[in-house]
Amino acid sequence: MSDLDSDDSLLLEFEDDDENVSYLDTYDDGKPTHLDSDFAKVPPHKIDTDDSEFDIDESQFSGEDLEDDYLVFPVKKTTKDLLDEDSVPSLKYECLTTQEIFESMISRVHHLQPVLSLPSQDILILMQRYDWNEERLLEEWTEKMDNLLIESGLNTSGESNGRGVQNGKEFFCPICCEERLTETFSLECGHEYCIDCYRHYIKDRLNNGKIITCMDCPLALKNEDIDQVMGGASSARLMDSSIKSFVRKHSNSYKWCPYTDCKCIIHLKDTSSLQEYSRLHASRFVSCNMGHSFCFGCGFEIHAPADCGVTDQWVKKARLECENLNWVLSHTKECPRCSVNIEKNGGCNHMVCSSCKYEFCWICGGDWTPHGSSFYQCVIYKNGEKNKLVADTPKKTLRRYAFFYKMFTEHEVSAKLDWKLGETVGFKVKGLQEKIGVSWIEGQFLTESLKTLNEGRTALKWSFAVAYYSDPSHNLTKIFIDNQGLLSNAVESLSELLQIKSPEVIMKRKTEFYNKAGYVKNRTKALLECGRDLLLKGISKARE
Amino acid sequence: MASLPKRIIKETERLASDPVPGIGAEPHEDNLRYFAVTIEGPKESPYEDGIFELELYLPDDYPMEAPKVRFLTRIYHPNIDRLGRICLDVLKNNWSPALQIRTVLLSIQALLASPNPNDPLANDVAEDWIKNEELAISKAREWTTLYAEKK
Amino acid sequence: MSKVPRNFRLLEELEKGEKGLGPESCSYGLADSDDISMTTWNGTILGPPHSNHENRIYSLSIECGPQYPDQPPSIKFISKINLPCVDPNTGQVTPSTFHTLRDWKRAYNMETILLDLRKEMATPSNKKLPQPEEGSTF
């Protein structure tokens, strides 16, 4: 006999539950998923993405096929792709939601039905008990049969009491000890309690992802019982939490997107290539359907050219030192010439004092002129050079670290501000359309440039972690630093371009956007390759 | 303070009128959710002849949430740590609102009768227990005489 | 809300401290892990930035008497510090000059005290006070 008709009830809409899996919930493998210093609390992309205007642009942006037509330099899209060009095997993965995973589980339940000849609600309970592993379930089933049903709280033979909600009656509830007119609920076991106590009991357990049983015996509540007591599709929340715990338990092949409020799960289909990745010091960067990219290995944001080891060390070190170094996180500085307080409001490090018009570099406080034209000197740390901010620190090593940490955080802060800038880019694209009739597709070069800027900035940021752990005397390190300088320069120049507000000027300088973005892409790629070389050759090594 | 739920009143009354042998539980006058508890060490266990003092508190959400219980008398037991905290499933994941103060205290008494060093809270004690059970038991007996002697 | 008794309240605080759920800038734990009465606690405060306390770690001793949390604990600096609410001879935090102890509420806890002391170190009138040599004790 087929039970398929009733199966519709299994395909419930998942509630938009407000309890999102938090960062810490998601990964309990001990790897840091966030830091306590300011820079790491919030990956840059997490800021203010609730702005709906911007969300739309982001999702529309996935039209990859557009870019070749609209970029002068046809370059590949993500850092992951950049790395793929080398010998690293490509990663096979899919992006799912808990709902999608649940649906695939339901289809397995359907497959099992003819084999087990049990109602699908019962099979669903068995699947939960065996952590959605049908092979193990079938094995145990052949061995134990009826005992399995008893163990799983499904055997109701010999029980004669009715199952379900009973109409209102005068009732003494042994849980709350109140005697009053109330509806009640019980399973076949006859353990009957008032509906309020049952609701409270079930509600507390919906998020645990475990089978809910009678309060006084092992008999299991099925989804239809839960919905009958709670009303609506409450069992969907239980299924959702059950899938979530399944994902947590299979963290080798399933990972949550670590971005706030993102409900995507990345499923790695082929885990065999992973070893190759760590051998090559490459990281397994993935992107979810919402366009969030992160490292599958450590759950951190994209951290190339650093590998997971360097990232882990760097993050730990930063956590240890952040209290000593919190001065670097300040957002305001005094103008080096007239001492007016200046707040940094864009990602670009080229500052112009609003009061005296002095142009200076945010990082070193020096005159901008030597930065803008040829070379971006701020990436070179000279041991002998007295840094005003750290001159009081007695230890030379701390001073060396302080410099790299400062560079790292400056780019972190810049990246955040760039992302804010991104929100206005959404408006700018709209402005292009409305004010001067540019088509939506044509306006996409702005969004594309912003993405490139972000990728460049991220690579630059993490390159300081690699540089910190590199042997400073080695020639390749010097080349790496040169590459940092070139990318730095390219990024600042693109960031500055993105500050332009007037739609007419933006359109007029469209080619410049293409060129500068293309240049940033090439420089990013060069820096990433060089960084990986440093790691491969052991010139840069994660260490305490 | 909000009035005491009927459930707590009922349980308190029954604990007084129909006490569990070897177990005493009395609420504090100024906080009726807070109980002074005594448990006699089970016969034929290293805790025999000891009287152990505990404290028990019924949180706001009781009986949906488990009671909180702690030993006040020092005890050498692999599932009880140096501060008297107890590792017992019914106090944690396996709590059910159908359980009661008396069933919890009975479970604790049963835990004294059969320690479970494979699921330890006090790791050093559990190690002793696995390495040399005889020695551990004699130490538990020693502590019982030392700290839990009948007054 | 019912009143959580002293010992269970202290166990909650201990667990929070053990699991490192509190803020990074201060920490606390039992002085003696055998002390079933949970009376004596150690605390540390990381000196606030942009002050003369920056980069210093201050040790404190906290006594939670039998009336805690109805009554505030008694708290004493072990590391030497120059602060108006601290007795210059003993290191004792004087309740009359420290608002958190003076206007004590049951909802306050050891973390509240440590964080408020840290704020006290960072007030404009206190942050530039000359401080005794680092590492010296009362």
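Reply: Two residues are in contact if their C-beta atoms, placed from the backbone, lie within 7 Å. The model is predicted, so local features need pLDDT of at least 70 and side-chain atom pairs count only at pLDDT 80 or more, while totals for chains, interfaces and linings use all residues. Residues are numbered from 1 along each chain as its sequence is written, and chains are lettered from A and ligands numbered from 1 in the order in which they are written.

With contact defined in this way, and leaving aside residues up to four places away in sequence, A:Val466 touches A:Pro305, A:Ala306, A:Val310, A:Gly531, A:Leu534 and A:Ser540. A:Val466 is also one of the residues with the most contacts inside the largest nonpolar core, which has 106 residues, and A:Cys197, A:Cys257, A:Cys295 and A:Ala465 are listed with it. A nonpolar core is a set of buried Ala, Val, Leu, Ile, Met, Phe, Trp, Tyr and Cys residues joined through C-beta atoms within 7 Å, where buried means that 20 or more other C-beta atoms lie within 10 Å of a residue's own (12 or fewer is exposed, and in between is partly exposed). The largest share of this core, 14 residues, comes from helix 16 (residues 396–436) of chain A, helices (H or I, at least four residues) and strands (E, at least two) being DSSP runs numbered from the N terminus. Apart from this core lies another, of 34 residues, among them B:Ile39, B:Ile86, B:Trp129 and B:Ala148.

Burial can also be followed along one helix of chain A. In helix 11 (residues 223–230) the buried residues are A:Asn223, A:Asp225, A:Ile226 and A:Val229. Seen down the helix axis, these buried residues fall within an arc of 160 degrees, taken from the directions from the axis to the C-beta atoms, so they line one face of helix 11 of chain A. Their cover includes helix 7 (120–129), strand 2 (164–172), strand 3 (179–186), helix 10 (195–205) and helix 12 (235–249) of chain A, and just after helix 11 A:Gly231 takes a positive phi of about 80 degrees.

As for chain B, 36% of its 151 residues are buried, and its secondary structure comes to 4 helices and 4 strands. Where chains A and B meet, 10 residues of chain A are in contact with 9 residues of chain B, and the residues on the chain A side divide into 6 nonpolar, 1 polar and 3 charged.

Definitions and conventions
Nonpolar A, V, L, I, M, F, W, Y, C, P; charged D, E, K, R; others polar.
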